[in-house]
Amino acid sequence: MSIDAPVRLALKGITKRFPGVLANDDVSFSVRAGEIHALLGENGAGKSTLVKMIYGIMQPDAGTIAWNGEIVTIANPKAARRLGIGMVFQHFSLFDAMTVLENIALGLDAKLTQRELEAKVRAVMSQYGLVLDPHRVVATLSVGERQRIEIVRALLLDPQLLIMDEPTSVLTPQEVEALFAVLRRLSAEGRSILYISHKLHEIRALCHTATILRGGKLVATLDPRVETPRSMAEKMIGASLKDISKDPNRRFGKERLLVSGLTTLAEDEFGVAIDSASFAVRAGEILGIAGVAGNGQNALLDALSGEILGTHGDAVRLDGTPIGLMGTTARRRLGLCAVPEERNGHAAVGDFSLSDNSVLTARDRLKMVLAGLINSGAAKTYTGKVIAQFAVKALGPHSTAGSLSGGNLQKYIMGREILQNPSVLVVSQPTWGVDAGAAAAIHQALVDLAAAGSAIVVISQDLDELLALSDTLLVINGGRLSKPLDVGAVSIEEIGLLMGGVHGTEDEVHIAPGGQIAVPA
Amino acid sequence: MNSALIVPFIVTLVAASTPILLAALGELVVEKSGVLNLGVEGMMLIGAMTTAAVMLTTGNPYLAIGSAALAGAFAALLFAVLTLSLSANQVATGLALTILGTGLTALVGRPFTGQPVPTLGPLFPPALANDPIWRVIFGYSPLVYLSLAMVVAVWFFLMRTRSGLILRAIGESDTSAHSIGYPVIGVRYLAVLFGGAMAGIGGACFPLMLTPQWAERLTAGRGWIALALVVFAAWRPYRLLAGAYIFGLLMTLEVYAKTSGGGFRIFPSEFWAALPYLATILVLVLISLSRKGSTSAPACLGKPFSPAG
């Protein structure tokens, strides 16, 4: 992109008010032709509202949108697409029971026959290296493949501006690299991209400009390539970022969680089974489990939490007690708490209040049920404590889990388990979709829990998170665990090779600056 | 059995199946758009009563069918305003619609009760329609041919047209359809009105070809069978045709069991009356076994949608 490229989109004084909240307050910025422009901010900073107005899903209360120099009113998404604005949503707007081709047809306004459409789709896919079978039913596709549908759908409209809402939060490192290649190509063709993300490494690597929002207001427009992730994060939260404080002289106690020869069956034909996993976690230790998504992380979590039972009781031991054949309730009672990856529907019930959600996992440990009756006062008090200590933005213990934003719900779920003071805590993706400030708070809470003598297992796809947090690291691939690696001593190349070994490639693993790992696809 | 027995049997069967098929086709489109309207029975009664009233005052069967469709659609509009615009609970509103239809038609239809209604005879000339063999194909009222044409039309609309694709998409994920920019509520209004019109025409079958008069609760629960049929057919128009005819067969067996003797005497007549319901249970069990829990129901069926946010 050149600096004198024409301005494609210019926002001026955009303001949007919801009952009780000023979502956008006098926001002005512009995007040039071919520019990859990042939109940064914490959860609730107003990024999504802003792009919804650009894409015509909502209308601004005040301010103007200029497109190629002319002031326009974007009444609906159809009008946006007619102007040449495409959007890829964070929560995909796909129809699971329909085929790829039907989904693409639904996103197009042009009336094409199925054959014409298929030809066009195949042309776009080969032009940008997006591999998909047009006749597969969406429900059978991986998350990365689903995103490709959205991208193909947007590209078929030949957009001049492509809006991407947190496109990489669900992708594997390989998929991220492939996506970036496509985006750089689009930029080189003169198309502008408005890129919303939490991942500051990625923004530095990809974007030309970044606009930072905080509490609905624009706080800075800057060049991310000359900033550090830390400086950008601090502008986002409006305060200095705290480092995780760990006691450098910490010692580990006795083994609290002992896993030996843990084996599971694959849940379905696409599932990955755990193949005789053995490891130990000591009191005060944080064990990280790294790996590319879909290599058995979910099965491992379920086998540890008790959702899947082991083949024998000794497969999992908690403080010496064999718990391999116990279910979740019994394991929780003995002190093993778990947080699964999927927060809404697995870790929490969306239609239940936060208070009722607390009862679901904390009822035995915190005596919330007596003689079959729920002690709702105890549940409410405990939930209030979680909300206060983890700075959950919620109206109170009575608000439903589904009404919270993803990041806030995650804070609540983490808080609900950590404050139960478990002997062993197993968490998957503890900070997925959580902004920098809240992520730091969750990390610190995990470190503090370990310092108090708990053993913690963190399963994550975010290598930066694992390197900052854990004492020991295991890499999972194809359901098999590597030998334990000492985080202080292991090289990032070694981790990358173990992760890359998943695909059995002999190719070298490339380490991008900033610790990003890319495996040639 | 010879043709002298078999042909009248089939003719009765097809006629008995037709109102269920028409109403179920309408409900299938409604459910494909993600709305569950349990008011089919009420809308059928409104259609049946309207038909009898128009026939007794004008004598024009096509005007009667048209009025039945309009009356059914009007009842459906009431449902649509309550559930789609005011986000009322669909199950409760649908049940209320059936209760309203039952009561309203009993009240308004009182002057017409028991009066013989002229029927709508076969579409084809008597030479074909009364032929002892060929009447199995040509011997039906136009409503029967209409129902068969609608099976093809509904299938073509849903599976082969862009509008049908949009309707299915809205039933599959209303939020996705909204974010792409499709008018979820508008499409659902049209689907519900279509469902009402089809239920109304289904109701018209009773005075015009099955029981040539109006009586309270004339449709005798056929609206509920139509609702079950949609599930039974896994939301597919052709399976709906097969399902409706299977139910027609069972209902015809019941009629034959009551009027004739012979082989039917093996079981008491209550058995034959219960057969359609036993068959429903059996088929539902078989369907759920074969699909191992996964259903082909539209994912948003019965969920209210509000476009805010």
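Two strands count as a pair here if DSSP finds at least two bridges between them. With that in hand, here are some close-ups of a predicted model.

**View 1. Strands S3 and S9 of chain A run side by side.** Strand S3 of chain A covers residues 36-40, strand S9 of chain A covers residues 209-214, and the two pair in the parallel sense over four bridges. To find one of the contacts, look for Ala38(A): its bridge partner in S9(A) is Ala210(A).

**View 2. Step back, and an open sheet of six strands comes into view in chain A.** Reading across, the order is S6-S7-S8-S3-S9-S10, and the pairing is mixed. At the edges are strand S6 (85-88) and strand S10 (217-222) of chain A, each pairing on one side only. Neighbouring strands of this sheet are turned by 20° against each other on average, direction ignored. Helix H8 of chain A, made of residues 229-237, lies across S3, S9 and S10 of chain A. This helix runs at about 35° to S9(A).

**View 3. Helix H1 of chain A is mostly covered.** The helix spans residues 47-54, and six of its eight residues are buried. Those buried residues are Lys47(A), Thr49(A), Leu50(A), Val51(A), Met53(A) and Ile54(A). Just after H1(A) comes Gly56(A), which takes a positive phi of about 80°.

**View 4. Here is an open sheet of four strands in chain A, with antiparallel pairing.** The strands go in the order S12-S11-S14-S15. Strand S12 (277-282) and strand S15 (321-322) of chain A stand at the edges with a single partner strand each, so one side of each has no neighbour in the sheet. Zoom in on one end: strand S14 of chain A, residues 316-318, pairs with S15(A) in the antiparallel sense over two bridges. Arg317(A) has Pro322(A) in S15(A) as its bridge partner. Now look for helix H9 of chain A, residues 297-305, which lies across strand S11 (255-262), S12 and S14 of chain A. Its direction is about 120° to that of S11(A).

**View 5. Strand S13 of chain A is largely enclosed by the rest of the structure.** Why say enclosed? Because five of the five residues in this strand (286-290) are buried. In a regular strand the side chains alternate between the two faces of the sheet. Both faces of S13(A) are covered, with Ile286(A), Gly288(A) and Ala290(A) buried on one side and Leu287(A) and Ile289(A) buried on the other.

**View 6. Follow S13(A) to strands S20 and S21 of chain A.** Strand S20 (residues 455-459) of chain A pairs with S13(A) in the parallel sense over four bridges, and Gly288(A) stands opposite Val458(A) in S20(A). Strand S21 (residues 472-477) of chain A also runs parallel to S13(A), joined by four bridges. Leu287(A) stands opposite Thr472(A) in S21(A).

View 7. Helix H3 (61-85) and helix H4 (90-108) of chain B each supply at least two of the patch residues, and H3(B) gives the most, with five. One to pick out is Leu77(B), which lies in helix H3 of chain B. Leu77(B) counts as partly exposed because its relative accessibility is 31%.

Conventions: Residues numbered from 1 in each chain as written. Chains lettered and ligands numbered in written order. Predicted model: local features only at pLDDT ≥ 70, side-chain atom pairs only at ≥ 80, totals over all residues. Heavy atoms only, no water. Axes fitted to C-alpha atoms, helices over the stretch in contact; angles between N-to-C directions. Contact = heavy atoms within 4.5 Å. Buried < 20%, exposed > 50% of the residue type's maximum accessible area, 1.4 Å probe, protein only.
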